[in-house]
Amino acid sequence: MLVNKQRDLRRELIEKVRKDFFDSDCRVAETGVYTIYFNRKTTADDCSHYQDDYGSAYGTGTFFYRGGGPEASLRLLLHDHATGCFDDSKLFGHYFIFLIMPSGIRLLNDGTSLVKAFHDREGSYLASSFLLAAGLQGKLTLNRPAAIENLVTGAIVGTETLVNEITVFSADSHRLFPDIGFVAPGATGPRQQPLTRSGAIEEQSGALDNYFSSCAELAGTAGVDIGLTGGYDSRLILAHARNHFSNLQVHSHYRHTDSEELKIARQIAEGENIPFVSPEVVSPVEMDDKTLLGVIDSSCRFCDGAIRQHSNWMEEYNTLEYRMRVLGDKRLGFSGVGGEQYRNHDRLCCKPWLFRSWLKYSYVRKVAGKAFLRRKDEKELLDRIRTKMYTILGFPGRKAWIGIGDLKRIQNEIIIHAYRGARTDGENRHSWFLTPFADFHLSTAAYQVVRFLKDSKGFEAAMIRRADPGLASYATDYGYNLTGGEPLARKLVSSAYENLLPAFLKWKIRERFKSGRSGIDLRVKTGTSQLLKDYVSRVTALDLPLDVSLLMERTGTAHLVISLGYLLGKLEISAER
């Protein structure tokens with residue numbers, strides 16, 4: 001937490017936040033107009049810091065520079081910045097790093113902001129936690145448009161939060177902190193386009209090898225945990241990790257019903273003699289209200305109040321207690337989020353897609369269905385999200401169609417930040433955690449391979465075969481292994497479906513066959529749980545232009561309603577207009 005001593009920030013709020021969020025022996029730095037508080041990770045004995053004649057360095061998140069561990073990286077960063085030989089191509093991870101030198105403060109940010117920071121409109125503070133930032137505000141008022149977006153997409157695009165008073169840090173925030181020199185990774189200039197598919201595979205695989213080799217010191221000391229599913233991305237992570245690390249385990253979430261994903265993950269672990277972890281959990285429908293409240297409260301703290309599509313606060317998977325059971329003695333986690341940059345999972349190939357149709361049916365209605373009470377309100381939201389996305393990507397306002405290159409930028413620069421990479425932030429408060437495919441250096445380099453993706457997932461499958469042929473031989477939850485690859489008939493049918501049918505019809509078909517209803521168990525649970533009834537009532541009382549009953553019927557949105565109802569009370573957010 002960085003506090004500007006010249007701003008009008010109530011001292012009692014600072015002291016309360018320090019007591020609630022920081023250890024009593026946390027490190028404090030006084031420099032210029034700022035007081036900066038640094039806390040340790042839950043699993044660490046101290047915060048990441050280093051000091052010598054050049055100055056002091058403090059780091060949050062997970063980072064590695066020139067192949068060093070945390071302390072060595074801070075030492076090298078301080079030296080290289082002081083002597084003018086800093087090389088940003090050697091710095092990887094998700095981080096905010098403070099360098100406090102005689103020449104002033106420099107703040108290094110990873111360029112993707114998966115590890116987030118927050119501030120108010122005046123720049124009175126910069127906090128690495130939304131809940132902490134909320135504690136520094138005297139009053140919180142609901143950002144109604146952001147709340148609507150959150151409920152129907154499970155995300156919030158851009159720098160908005162659920163309250164009007166707090167904003168997510170971005171490049172636009174620099175002006176609020178004029179005494180700080182901000183440093184973010186930049187473009188390395190025009191890249192030479194790979195001439196062949198095989199050359200592109202070698203290039204991307206080499207970049208991954210370099211990444212994993214560079215963090216080998218941290219991995220060897222901390223021990224590695226990898227979340228393994230039945231798909232492509234986590235397998236590609238595991239393939240490269242096994243080539244560089246020996247101290248590792250995999251985990252997969254326990255399920256109360258048959259899970260092909262869990263079955264495949266266990267088969268791989270047993271077949272490759274990799275330690276496997278899958279702690280049992282209690283289903284939300286089996287919890288009494290006291291237990292359920294404990295899980296929701298713990299999930300809120302672990303997720304830092306971020307209500308996101310893949311973070312159900314009623315499930316133990318999103319609590320610190322569960323995460324510690326998974327980690328055991330390991331301290332470095334890996335996620336495969338972002339691996340879709342190596343495959344054309346969406347099959348966009350024959351012709352561009354109309355952006356407005358993609359946004360309406362594949363981004364909003366895919367999650368929430370026809371949740372809006374009036375079409376004009378849905379249109380207002382679509383226009384609002386479109387404006388935010390176009391601004392972030394630098395698209396001209398007249399742009400109507402998107403190709404696969406545009407879609408990859410949307411997935412990488414917007415969707416991962418808006419919701420898919422949310423766990424990276426929560427994990428990094430407690431242990432080391434990396435999402436390699438979303439690293440700035442790897443994700444931007446992957447734009448070079450778009451023309452080799454065609455209409456299939458074959459490019460990523462080839463990367464897995466190159467890294468570890470043995471792992472490629474196991475089945476996926478798509479019904480085939482990666483040695484033979486995706487069957488031609490399946491690829492042709494899927495490509496025809498995605499490219500020949502209009503967006504509206506594709507959505508109708510998905511609603512008919514794939515739409516996730518929240519299930520009778522959760523509906524019954526809501527009917528019998530006074531706790532959940534109260535949360536739903538709070539959201540209903542907001543009088544948003546949404547059918548809350550319909551949202552409660554859908555798997556992807558029911559937990560969003562519950563979480564928002566909880567957070568409104570937890571933070572005492574005012575809903576006044």
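Predicted model: local features only at pLDDT ≥ 70, side-chain atom pairs only at ≥ 80, totals over all residues.
Trainee: In which sense does H11 pass H19?

Mentor: Two packed helices are described by the angle between their axes and the distance between the axes. Here helix H11 (residues 355–368) and helix H19 (residues 503–513) have axes 9 Å apart and pack at an angle of about 15°. Angles under 35 degrees count as roughly parallel, and H11 and H19 are therefore roughly parallel to each other. The crossing of H11 past H19 is right-handed.

Trainee: Which residues in H11 and H19 meet?

Mentor: From H11 come Ser-357, Tyr-361, Arg-365 and Lys-366, and they meet Ala-503, Phe-504, Trp-507 and Glu-511 of H19. Sorted by class, this contact has four nonpolar, one polar and three charged residues.

Trainee: At what angle do the axes of H7 and H16 cross?

Mentor: The axes of helix H7 (residues 233–244) and helix H16 (residues 458–467) cross at roughly 25° and come within 9 Å. H7 and H16 are therefore roughly parallel to each other. H7 passes H16 in a crossing that is left-handed, whereas the crossing of H11 past H19 is right-handed. On the H7 side, Asp-233, Arg-235, Leu-236, Ala-239, His-240 and Asn-243 take part, and they meet Glu-460, Met-463, Ile-464 and Ala-467 in H16. The classes in this contact are five nonpolar, two polar and three charged residues.

Trainee: Where do Arg-40 and Asp-23 lie?

Mentor: The side chains of Arg-40 and Asp-23 form a salt bridge, at 3.1 Å from N to O. Arg-40 is in the loop between strand S3 (34–38) and strand S4 (48–52), and Asp-23 is in the loop between H1 and S2, so the pair ties together parts 17 residues apart in sequence. Arg-40 is partly exposed, with a relative accessible area of 32%, and Asp-23 is partly exposed, with 25%.

Trainee: Is Glu-340 counted as buried or exposed?

Mentor: Glu-340 forms a salt bridge with Arg-420, whose closest N and O atoms are 2.9 Å apart. Arg-420 lies in helix H13 (residues 404–420) and Glu-340 in the loop between strand S15 (332–334) and strand S16 (353–354), so the pair ties together parts that are 80 residues apart in sequence. Buried means under 20% relative accessible area, and Glu-340, at 11%, counts as buried. Arg-420 is partly exposed at 24%.

Trainee: Which residues are linked in a network of salt bridges?

Mentor: Glu-149, Glu-160, Arg-384 and Lys-388 are linked in such a network.

Technical notes
Residues numbered from 1 in each chain as written. Heavy atoms only, no water. Salt bridge = Lys/Arg side-chain N within 4 Å of Asp/Glu carboxyl O. Helix = DSSP H or I, 4+ residues; strand = E, 2+ residues; numbered from the N terminus. Buried < 20%, exposed > 50% of the residue type's maximum accessible area, 1.4 Å probe, protein only. Axes fitted to C-alpha atoms, helices over the stretch in contact; angles between N-to-C directions. Parallel < 35°, antiparallel > 145°, perpendicular 65-115°, else oblique. Left-handed = near helix turned anticlockwise from the far one by under 90°. Contact = heavy atoms within 4.5 Å. Nonpolar A, V, L, I, M, F, W, Y, C, P; charged D, E, K, R; others polar.
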